Amino acid sequence: MGLKILNTMGMRKEEFIPLHDGEVKMYVCGPTVYDFIHIGNARAFVIADVIRRYLEYKGFKVTFVSNITDIDDKMIRRSQETGLSLQQLGEIYSNAYFEDIAALNIKRPDVSPRATQHIPEIIDAIQKLIEKGYAYQVDGDVYFDVSKFEEYGKLSGNKMEALEMGARIEINPRKRNPADFALWKAQKEGEPAWYSPWGWGRPGWHIECSTMAMKYLGETIDIHMGGKDLIFPHHENEIAQAEALTGKTFVRYWIHNEWLTVEGQKMSKSLGNFITVKDALKMCSPNVLRFFLISAHYRSPIDFNRENIRLAEENVRKILDALERLKSLKERSERGSGEESLLVEVRDAKRRFEEAMDDDFNTPLAIAAIFSIVRAINNYANINAEIETAAKKEVYEIMKVLVEDVLGIRVETEVEKRTTEYEPIIGNLMEIILELRQEMRRRKEWKIADEIREKLQRIGFIIEDTHSGTIWKLKK
Ligand code: AMP
Ligand code: ZN
């Protein structure tokens, strides 16, 4: 089945057909590096990462670009507050961003272009827009004239409201229309600036993204993503700038994620519920945070609260437990009917996982399919201590690919870690159990003693009664 994406442009589910067969060019609006990234940003980045990973799973060659905004009002304000230069701020928080995305197992973008390193390209784009009559200069500022771009408003569908909103928010006598937006801002006292044909100044935020997206991905890109707040004005303006320049469709599929709230409220510094990724990782593991972030569909809201994190923790544990049980099953060379039905269930769940992801990246349904596999493994291990080698390998591989490679939840290292972490505890537990069994034998409760041994054998322990006492080992 083909992949379908709900395109914000037109708000219809459309079949995904990239511009070039087998290749996907993807752009994701990245962070403004004036502070640590928060869990709302992380939602946007994790979702983009799952989409990238799923496209790769389907065999596409994905080029993934995500910018770093290192010059805008927030950067300047923070630099003035802290006394740090823009470069220092950018350095500190972009390093922190790379650290956080690595912790969350988000693949590094192929390119992470920084606005301040693309000033010549941005100036060039603005100049062309002026030449083509889409932009005008007033006292060192350059504005985009939205009345010249007929399709302005086609993404957000709020052209008229936009104009009215613009009029309400700011009366700027320099603008021809209230909804015109700045491509270049003349330098204000104490602000960093670059030299341009319109004097000293700096680029506007929107032109940074469309210029860098086109530089690294071409004039038409397949997927452009961001949180829903970016639909207007940011992405609407990116379209206007890019399409005015090239006359071509800028983006084929627009994907926007819904909001993350904290205990039902919008996250904000003033409410004191602003949670950075670093803070969140003090409350739970990266695996759990990531699992939580994808447990809702990307177009539905999601709430960060204790209960949801507890649920995510429980679910991650169930997945790892099942894999650990699968790993500890003793291998044999023949396949029985148990393996046959296990494989039927697992392959069917894999198909449902793909169907869910093909339907506009429905991660909650995909996770439900993973849990069918978890149940199938547990049901199998409840009644079998052995498994055919090839069947074991296939089930493990399917889980590893879907959970780790596509959803980005680390399993391999986690299962390994647990086995070594639990080893001493298992030793102590076995000592207690075998002592109790010994006591049963002393009391001639042979039936109970045998039952304990059989039960232990069923979960992979070999128990031997020798002259010097009872010894145990794990079946390999
Ligand atoms: P910013 O650094 O504010 O430009 O945000 C970077 C990305 O995070 C953008 O795609 C935003 O839309 C997204 N984002 C910011 N806050 C949230 C939130 N609370 N929930 C979901 N996405 C968010
Ligand atoms: Zn952007």
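**View 1. Helix 1 and the shell around ligand 1.** In this predicted model, helix 1 contributes the most to the shell around ligand 1, namely 3 residues. Helix 1 and strand 10 (221-227) each bring at least two residues to that shell; helices (H or I, at least four residues) and strands (E, at least two) are DSSP runs, numbered from the N terminus. In total, 16 residues surround ligand 1, the closest being G40, N41, G227, D229 and L260; a residue is near a molecule if one of its heavy atoms lies within 4 Å of it.

**View 2. Polar contacts of ligand 1.** Look for pairs of N or O atoms within 3.5 Å. A polar side-chain atom of D229 sits 2.4 Å from an oxygen atom of ligand 1, and a polar backbone atom of T32 is 3.4 Å from an oxygen atom of the ligand. On the nitrogen side, an N or O atom in the side chain of N257 lies 3.3 Å from a nitrogen atom of ligand 1.

**View 3. The zinc ion (ligand 2).** Its protein donors are C29 (SG), C209 (SG) and H234 (NE2), 2.1 to 2.2 Å away; donors are N, O and S atoms within 2.8 Å of the metal (3.2 Å for Na, K and Ca), and water is not among the atoms, so sites may look incomplete. C29 lies in the loop between strand 3 (23-28) and helix 1 (39-57) and C209 in helix 6 (residues 205-217), so the pair ties together parts 180 residues apart in sequence.

**Notes.** Residues are numbered from 1 along each chain as its sequence is written, and chains are lettered from A and ligands numbered from 1 in the order written. Local features need pLDDT of at least 70, side-chain atom pairs count only at pLDDT 80 or more, and totals for chains, interfaces and linings use all residues, while side-chain values use heavy atoms, leaving out hydrogens and water.

Notes
A polar contact is a pair of N or O atoms within 3.5 Å; within protein, one must be able to donate a hydrogen and the other to accept it, and residues adjacent in sequence count only if both atoms are side-chain atoms.
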